[in-house]
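Here are my notes for you on this model. Keep the structure open as you read, and find each residue as it comes up.

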Amino acid sequence: MRADLIVFLFFYIGYILSLCKFCERYLKGFQINKKIFIILLLVVEAGVNFDRALAAPYILRAMISHILFVGLFLIAFSDDAMKKVFVAMIIVAIKTFVWNFGCSFFSCLALVGSNLFADGQAAYMAPWLEGIIGAAAYFPVILVQNCLRKRLASVLESKIRSWYLMTTAFLMGIVAIVDIVNWGASNGIMVVSNAGGAAYGDVYYNQIFSHISICLFTALAACMAGGFVFFMNKVYIEQRQKEQYNAQIEFWQMLNEQHIQMERLRHDMKNHVLALYGLWEKKEFDKAGSYLQKMMEKGNIGCEDELTGNQAVDALLYNKRKKAAELSIRWMADIQIPEKCAVDEFDLCVLF
């Protein structure tokens, strides 16, 4: 077995174990056996990156790898489909940015070291050394993935589908641009070290400058992707907090309105009693019944259907039932709240 393949398997298995921990933290349980999931990841990676018989271009192999990776997540985990795609793209982005940065960085070190040992005669790296560098580049991927696993809790919590769709589309675009740049580099498109100068055709210096350029570009792409994701997360959280604040204001306004109605009813109770007594003396019982019905509606009396034991929820349900009656909407409510409910009244009303 080739030495570079052994090194690759060592680092890639470590990467997969780190990936599994990342997924188990933010996605619901596996729909397939975990061992099968690991084997499928190895098969995808081996089939895409080690099958040189077809001589497929880098950009095609990268696209196929991303598509298979996302598809594997869709069948492997039991969670919302858009969330699974988003988590898969987060992992793809981390791997693409950090792995490319690591490859270029280690390649610079290897070129400089090889050139020093060969007294300036080495301009290219041996194929086996390129393979080992590609495998070793998974080490920083593992480090970054483990680091971010503890810092993405608010980003990877449940969100609406449109948020997942927008953020995933942006990540796909950034990853595609990085893949195109790498495809160009794999086809000999390099940054020259001294255009028009004596070192213009120096392969060694051109490779060094190309790898440095890729390091800078992937670092910039990673900053853009991370900045966008965290910015969108901040906007989403602020929007939800604003919605909750507005819901609490509406809740307080509703309670205040009912309090005013009750105070008004108590204030006018003497007059109501005198009016009812006059209707009773005149034996106008139908009018007395209608009068009592209006008093019950205004004073939130007789709403036994909504007696949940929680004053705030009762007030909310009464308000909604009143609106339903005004719009001739059939109202049915079957709500049971524990006597010692751990949920705060505000949050409970926001949920309702």
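1. Start with the lining of the second largest pocket. Helices α4, α6 and α8 each supply at least two of its residues. α8 gives the most, with seven residues. Remember that this is a predicted model.

2. How big is the volume of the second largest pocket? It is about 330 Å³. In total, 17 residues line this pocket. Closest to its centre are Ile-94, Phe-97, Leu-148, Ala-222 and Gly-226.

3. Now look at the classes in that lining. Nonpolar residues number 15.

4. Next, the largest nonpolar core. It has 51 residues. Tyr-15, Leu-19, Phe-37, Phe-73, Phe-86, Ile-91 and Leu-156 touch the most other members.

5. Which helices supply at least two residues each to this core? They are α1 (3-26), α2 (34-49), α3 (58-76), α4 (81-117), α5 (127-136), α6 (138-149), α7 (161-186) and α8 (203-267). α4 gives the most here, with 13 residues. For the pocket lining, by contrast, α8 gives the most.

6. Take Leu-156 and trace its contacts. Set aside its neighbours within four places in sequence. Leu-156 is then in contact with Phe-22, Tyr-26, Lys-83, Phe-86, Val-87, Ile-90 and Tyr-164. One of these, Phe-86, is also among the core residues that touch the most other members.

How values were computed:
Residues numbered from 1 in each chain as written. Predicted model: local features only at pLDDT ≥ 70, side-chain atom pairs only at ≥ 80, totals over all residues. Heavy atoms only, no water. Core = buried A, V, L, I, M, F, W, Y, C linked by side-chain atoms within 4.5 Å. Buried < 20%, exposed > 50% of the residue type's maximum accessible area, 1.4 Å probe, protein only. Helix = DSSP H or I, 4+ residues; strand = E, 2+ residues; numbered from the N terminus. Contact = heavy atoms within 4.5 Å. 1 Å grid on protein atoms, 1.4 Å probe; cavity = no way out; pocket = protein on both sides within 12 Å on 5 of 7 lines; lining within 4 Å. Points joined across faces, edges and corners; volume = space filled by probe spheres on them. Nonpolar A, V, L, I, M, F, W, Y, C, P; charged D, E, K, R; others polar.
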